[in-house]
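Grab a pencil and have a look at the model below. A couple of exercises follow, each with its solution worked out.

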Amino acid sequence: MSLNDIQNRIAATCQRVGRDADSVRLVAVSKVQPNDRVEAVLQQGHRLFGENKVQEAAGKWPDFRARFPGVTLHLIGPLQTNKARQAMQLFDVIETVDRPKLARTIARIAQEEGHCPDLMIQVNTGEEPQKAGVLPADADAFIAECRDLGLPIIGLMCIPPADEEPSLHFALLAKIAARNDLPDLSMGMSADFETAIGQGATYVRVGSAIFGDRDYG
Ligand SMILES: *Cc1c(COP(=O)(O)O)cnc(C)c1O
């Protein structure tokens, strides 16, 4: 696989399901990947990336940003409140707002700094105890709470359970977004981004299919 293959598959899927190709944006998930692989994708002109750890992103993206203007960076991993300020400086979009304490912290820092990245709310569609995200039953109230705080919420994000049919989870996320008038849906990874596009994803988060397997060793 490569960046080009994935872009072609996104375009083909959009055509098949009757969507504009530019209605789906590809977040290249560069976590854990060696810098030379990330640089190769930057060299090919891609500018939208996702990282799931604040510390890791802080270690590599300031330099990449200086060398490759126009980078947009999404945080797609869980955020601790004590890293919120740093995350808000590093990332253009935080996809993983998932609890009132974090929302209040972000709102306070946004006031102090006069700046807030765009935000998405992570929904734990599979209600998995070990997974981050607001429960589906609590989503409407949490979205309202975030809006009351003045937070710029643009959409919803989910990571379906690994062993379940993802389309049920994508459909649930799309339904919650629609009834709350949220335009963006971040859903779909290497194994299921075409399914997600068929169900309305506006962002797909693809890592290993672009960069190769991650080496956690
Ligand atoms: C790692 C990760 C991805 C990318 O996963 P791949 O299977 O490599 O495409 C997408 N979303 C999140 C939240 C991730 O942590």
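This is a predicted model: local features need pLDDT of at least 70, side-chain atom pairs count only at pLDDT 80 or more; totals for chains, interfaces and linings use all residues.

Residues are numbered from 1 along each chain as its sequence is written, and side-chain values use heavy atoms, with hydrogens and water left out.

**Exercise 1.** Work out which residues are closest to the ligand and how much of the ligand the protein buries.

*Step 1.* Count the shell: 13 residues surround the ligand (a heavy atom within 4 Å). Lys31, Ser190, Gly207, Ser208 and Arg214 are the closest.

*Step 2.* Look for N or O pairs within 3.5 Å, the cut-off for a polar contact. Ligand oxygen atoms lie 2.6 Å from a polar side-chain atom of Lys31, 2.7 Å from one of Arg214 and 2.8 Å from a backbone N or O atom of Ser208.

*Step 3.* Check the cover: on its own the ligand exposes 390 Å² (Shrake-Rupley, 1.4 Å probe), and the protein buries 89% of that.

**Exercise 2.** Find how the rings of Phe49 and Trp61 are arranged, and where these residues sit.

*Step 1.* Searching the whole structure gives three aromatic pairs (ring centres within 6.5 Å).

*Step 2.* For Phe49 and Trp61, the centres are 4.8 Å apart and the planes at 45 degrees, so this pair is tilted (under 30 degrees is stacked, over 60 edge-to-face, the rest tilted).

*Step 3.* Phe49 belongs to strand S2 (residues 48–51) and Trp61 to helix H3 (residues 54–67); both elements are DSSP runs (helices H or I, at least four residues; strands E, at least two). The two residues are twelve apart, and their pair links distant parts of the chain.

Note on methods. A polar contact is a pair of N or O atoms within 3.5 Å; within protein, one must be able to donate a hydrogen and the other to accept it, and residues adjacent in sequence count only if both atoms are side-chain atoms. Rings of Phe, Tyr and Trp (its six-membered ring) pair if their centres lie within 6.5 Å; planes under 30 degrees apart count as stacked, over 60 as edge-to-face and the rest as tilted.
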